[in-house]
Amino acid sequence: MKKNNYIKSGIRTKLLITMISLIVGLLTVLTFIQTSTQKKILEKEFGRRIELMKNNLVGKGKILSDNLARQTENNIASYNFSNATEILNKTVQEYKELSYIILMDSSCMVYTHTLHPELQQEKLSGEEDLYAANQKIPTIYEFSRNSDSFMEIIVPISVSTEQWGVLRLGFSLNALNTVILNSRNEIRKKIEGMVLRSVLTSIIFVAIGAISVYMLSTRLSKPLVKLTESARLLAKGNFIAASNLNITSKDEIGILAASFIEMSNNLKISYEKLEEYSRTLQQKVEDRTRELKDANKKLQELDKAKSGFLSTVSHELRTPLTSIIGFTNIIQKRLDTFIFPQIEVNTMKSQKAVQQIKENITIILTEGERLTNLINDVLDLAKIEAGKIEWNMNTTSIAEVIANAAAATKSLLEQKGLTLIVNIEKNIPDFIGDKNRLIQVAINLISNAIKFTEKGTISCHAKQTDSKILVTVMDTGVGIAQENLEKIFDKFKQVGDTLTNKPSGTGLGLPICKQIVEYHGGVIWAESEPGKGSKFSFTIPLRGDGLINNNESPMT
């Protein structure tokens, strides 16, 4: 219920604020425009009136000053200063606008001063007095004295074509200033009245607007409150809440209510379908998980059985194979020592028979050794995977590892007429590792390079990079296709054409190398391009904390 009241109050408040803001803003703009326009009109009218009054005063002053100037010039020409003074005093008494008349010569000597008669025959030195004495043509001059404002009409007095002095008629501007002040007060009162009327009008419009908004918001809020409550219940999963809505208006709210009811029904159907899908999916996931667990268990059992089988078979094969190789060596020595020397090889058949026996015995020994290597590789891989291999982790150097590998592969290099270039960076620190196992890795990589290289060179490089030792074996052989690079480290995987150039070997050398390098905390990878040779690289950390736990990515 509180939420419903809050929704109603929120709608009413927003509508009231919006409507009142619009009304107040509109009336403020209209009042400002009207007040500014009326003020300009009143000020313009006031300016015309003041200008008219001032022009009227100036006109009268000019006429009066012209008459008095002619009479004064005649009296001065006849040296009748008393008559001139009498005329000037009488003129001041007759014209209320006229405040004073001053008659003075060019030296500022006063001959008539109607306002201060005691200044006659005195020289004036005020700013306005000096200004008046210097005027050569009729001039109007305004000034203030003791908070009173005056306008003087200054008329030059000439005698015998020479300027004798000036006649100054002073008109008080106090009455005009009073009219100006009254007019301004009148304008201000009219503007205040207009503003007051606008404020009253605004209050009336705001009251009417507030009542209208209240009624409108009440009409709008009821269906909106129902919609909001239904939406809240729908959010909680009550899909039948919309069926209780009873909004039949044809406006936007009615359309919104109809859309909401339709949406609620669709959500109900979708939710029911989703629940069914969820139950089905959960059951399928449980079934698949159970099947995967069973399959994984079987795979683990098969892998254990495979490892056990390989280990057992390898051990079982080793004993007779050792005997075969041993007795074959004995037979070869006995034949070479006792039998072949007693046979007469004068005939072609005898020579051919002896040669064939020697070749057959050599083939038996070679294939026996190859089979021995195969069995040893299988046993090594089985032991590594089972975690049963013994590691002799001691301090060793990469130079010793590469030197031993180079010595072990020397005969292979001589057989194919190839050269091994060894380049070991100086001052590479010693590290902790299984020396024999790492020699096995180096021998395997060099042997593979010899196997796939018919001409050119084979090189082995070692250097320190950061906290690792990087060893690289490069050849100029046939190379490996890009799609096969990731497969060469898989068990029993060999690269080559099975009919034309199938490589010899077990396919276990590189997987064993990978296991040995990763046990030391390093990585091994290959880079190659068909026809341009191959490059095999592996890293060995200089610190022992990387053993067995390695997440390092291959270097490129």
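**Strands, cores and cysteines**

Modeller: Strand E1 (residues 98-105) and strand E5 pair in the antiparallel sense over seven bridges. This is a predicted model, in which local features need pLDDT of at least 70 and side-chain atom pairs count only at pLDDT 80 or more, while totals for chains, interfaces and linings use all residues. Residues are numbered from 1 along each chain as its sequence is written, and side-chain values use heavy atoms, with hydrogens and water left out.

Biologist: Why is strand E5 called largely enclosed?

Modeller: Buried means under 20% relative accessible area, exposed over 50%, and partly exposed in between, with a 1.4 Å probe and protein chains only. Eight of the eleven residues of E5 (residues 162-172) are buried, so the strand is largely enclosed by the rest of the structure. Over the chain, buried residues make up 34% of the 556 residues.

Biologist: Why is Thr 139 called buried?

Modeller: Thr 139, found in strand E3 (residues 139-145), has a relative accessible area of 13%. That value is under 20%, so Thr 139 counts as buried.

Biologist: What makes the pairing of the Thr 139 and Gln 135 side chains a polar contact?

Modeller: A polar contact is a pair of N or O atoms within 3.5 Å; within protein, one must be able to donate a hydrogen and the other to accept it, and residues adjacent in sequence count only if both atoms are side-chain atoms. The two side chains are 3.2 Å apart at this contact, and the distance therefore falls within the limit. The backbone oxygen of Ile 137 also lies 2.9 Å from a polar atom of the Thr 139 side chain.

Biologist: How do you know how many disulfides there are?

Modeller: A disulfide is a pair of cysteine sulfur atoms within 2.5 Å. By this rule the count is zero. As for burial, Cys 108 has 5% relative accessibility and Cys 513 has 2%; both values are under 20%, so both residues are buried.

Biologist: What makes a group of residues a nonpolar core?

Modeller: The members must be buried Ala, Val, Leu, Ile, Met, Phe, Trp, Tyr or Cys residues, joined through side-chain atoms within 4.5 Å. The largest such core has 41 residues, and those with the most contacts inside it include Ile 398, Val 471 and Phe 538. Helix H9 (435-451) is among the elements that each supply at least two residues, and H9 gives the most, with eight. A second, separate core of 27 residues includes Leu 42, Ala 69, Leu 103 and Ile 153.

Note on methods
Helix = DSSP H or I, 4+ residues; strand = E, 2+ residues; numbered from the N terminus. Pairing = 2+ DSSP bridges.
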